[in-house]
Amino acid sequence: MTQYQKHCALPGRLVMVGFGSIGQGVLPLILRHIEIKPQNITIVTADERGHGEADYFGIKFVKNPLTRENYRSILEPLLNKGDFLLNLSVDVSSVSLVELCAEKGALYLDTCIEPWPGGYTDPSLTPSQRSNYALRETALAMREKLGTSAPTAVLTHGANPGLVSHFVKQAMLNIAEDTGRDVAVPTDRAGWAKLAQELGVKVIHVAERDTQISSVPKRRGEFVNTWSIDGFISEGCQPAELGWGTHEATFPPDGIRHDYGCQAGIILNRPGVTQRVRTWTPMEGPFHGFLITHSEALSIPDYLTVRDEAGNAIYRPTCHYAYHPCDDAVKSIHEFAGKNYVQQETQRLLMKEIIEGVDELGVLLAGHEKGAYWYGSQLSCAEARELVEFNSATSLQVTVAALSGMIWAIENPDRGIVEADDMDFQRCLDICMPYLGPVVGAYTDWTPLEGRNKLFPEDVDTSDPWQFKNIRVL
């Protein structure tokens with residue numbers, strides 16, 4: 001039997017809220033790398049998905065959907081000082097769970113900031129109020145309330161958001177070395193922001209191309225995806241969001257600035273599933289990806305902002321997700337949007353029926369003196385299955401990042417609310433690397449102006465290829 005390294009021990013109990021594809025995939029990693037007895041783990045989830053997997057590992061499985069009215073009565077008996085709540089659910093307020101954990105002295109991690117049901121799509125809310133920007137600002141306001149020495153609560157630490165923030169830091173160090181700069185690894189936020197500014201990084205894309213295919217093609221009236229369908233639909237119905245860089249010369253005609261908070265991001269007054277952007281990955285080359293809202297599109301540019309003495313932003317990169325899901329998911333989105341965003345009657349989460357493909361997930365840093373540089377994971381489904389049971393390429397990139405965030409929280413138990421950008425990137429990468437397949441860095445001379453103005457005239461800014469005006473697909 002293979003002996004795996006135990007990175008740390010969790011002396012208390014673990015409560016897992018939600019047990020879909022990510023919960024099922026992270027459980028074997030937790031048992032493999034964290035010292036904890038199975039009898040000290042409880043799963044609380046809304047449906048029967050994963051019950052068989054929980055039984056396989058001997059884990060207590062409680063089917064009891066959490067609501068505004070009952071979450072405290074269900075979770076309070078399960079949490080005390082030194083316990084850990086791992087939130088992998090949808091439609092359960094992250095902020096409410098963070099507050100409860102702080103009261104009980106328990107650690108916390110999630111992979112995205114979730115509202116209670118309706119928070120993404122309530123028509124009585126403004127687009128700004130329905131955005132990830134608003135959710136993030138609410139969570140960060142609680143950080144001020146709880147203080148920096150409260151029990152550690154790690155926000156949004158999956159693959160993206162999460163792992164990609166660590167990729168950005170390593171990518172910047174690689175670019176610095178390749179451009180002949182003798183740079184010490186920054187030790188704080190100001191140092192990383194200064195490095196990004198000195199490198200001349202204008203744009204950061206979280207550029208992802210999922211090529212996994214199923215033995216059973218998508219059928220009419222069915223939404224197919226390689227990760228949470230409810231989560232994808234929720235994100236896709238929110239306004240498209242991006243971090244807005246200081247180099248940008250043309251504000252989008254449908255863009256909306258927020259009148260509160262850090263001011264690092266803007267929204268487009270359109271659903272994310274209708275907006276596409278031009279990007280590049282090494283295996284795929286250039287492609288169009290969906291501009292789906294994600295917290296890293298806000299946390300990364302906020303973290304890398306340089307301000308003058310008056311507090312004005314003098315440097316910030318533009319940052320956003322550029323996502324091409326598996327081809328069956330693209331067909332599903334097309335059908336979903338064509339029905340005016342009414343979800344299909346049937347959902348199918350691809351797991352065992354995936355027969356081949358790679359999830360190429362990384363960050364594209366562009367505008368610096370070497371053009372553009374992609375750094376990330378090229379994990380195949382076949383390798384993911386060999387590495388950890390109950391995983392695909394997509395899920396393993398998320399689950400191992402969640403594992404690394406848990407380990408970091410256990411090792412740093414009194415840091416209050418933190419995001420990936422606040423954490424030790426090298427510690428997290430060291431834990432993740434064995435599970436990411438080939439991790440590569442590649443330079444390219446591609447720009448979003450390549451091949452433009454051939455068949456039809458286009459309104460482009462030839463003075464700077466890395467303007468969002470050139471990147472957006474209209």
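Visitor: Which residues form one aromatic cluster?

Guide: The cluster consists of Phe223, Trp227, Phe232, Tyr321, Tyr323, Phe336 and Tyr341. The model is predicted, so local features need pLDDT of at least 70 and side-chain atom pairs count only at pLDDT 80 or more, while totals for chains, interfaces and linings use all residues. Residues are numbered from 1 along each chain as its sequence is written, and side-chain values use heavy atoms, with hydrogens and water left out.

Visitor: How many aromatic pairs does the structure hold?

Guide: There are 19 aromatic pairs. Rings of Phe, Tyr and Trp (its six-membered ring) pair if their centres lie within 6.5 Å; planes under 30 degrees apart count as stacked, over 60 as edge-to-face and the rest as tilted.

Visitor: Why is the pair of tyrosine 56 and phenylalanine 57 called edge-to-face?

Guide: The ring centres of tyrosine 56 and phenylalanine 57 are 4.8 Å apart and the planes stand at 90 degrees, so the pair is edge-to-face.

Visitor: What makes the pair of tyrosine 373 and tyrosine 375 stacked?

Guide: For tyrosine 373 and tyrosine 375 the planes are at 20 degrees and the centres 6.5 Å apart, so the pair is stacked.

Visitor: Why does tyrosine 373 count as buried?

Guide: Buried means under 20% relative accessible area, exposed over 50%, and partly exposed in between (1.4 Å probe, protein chains only). Tyrosine 373 has 5% relative accessibility and therefore counts as buried. Tyrosine 375, at 8%, is buried, whereas tyrosine 56, at 56%, is exposed.

Visitor: Where does arginine 32 lie?

Guide: Arginine 32 lies over the face of tyrosine 4, 3.9 Å from the ring centre. A charge sits over a ring if NZ of Lys or CZ of Arg is within 6 Å of the ring centre and within 35 degrees of the ring normal.
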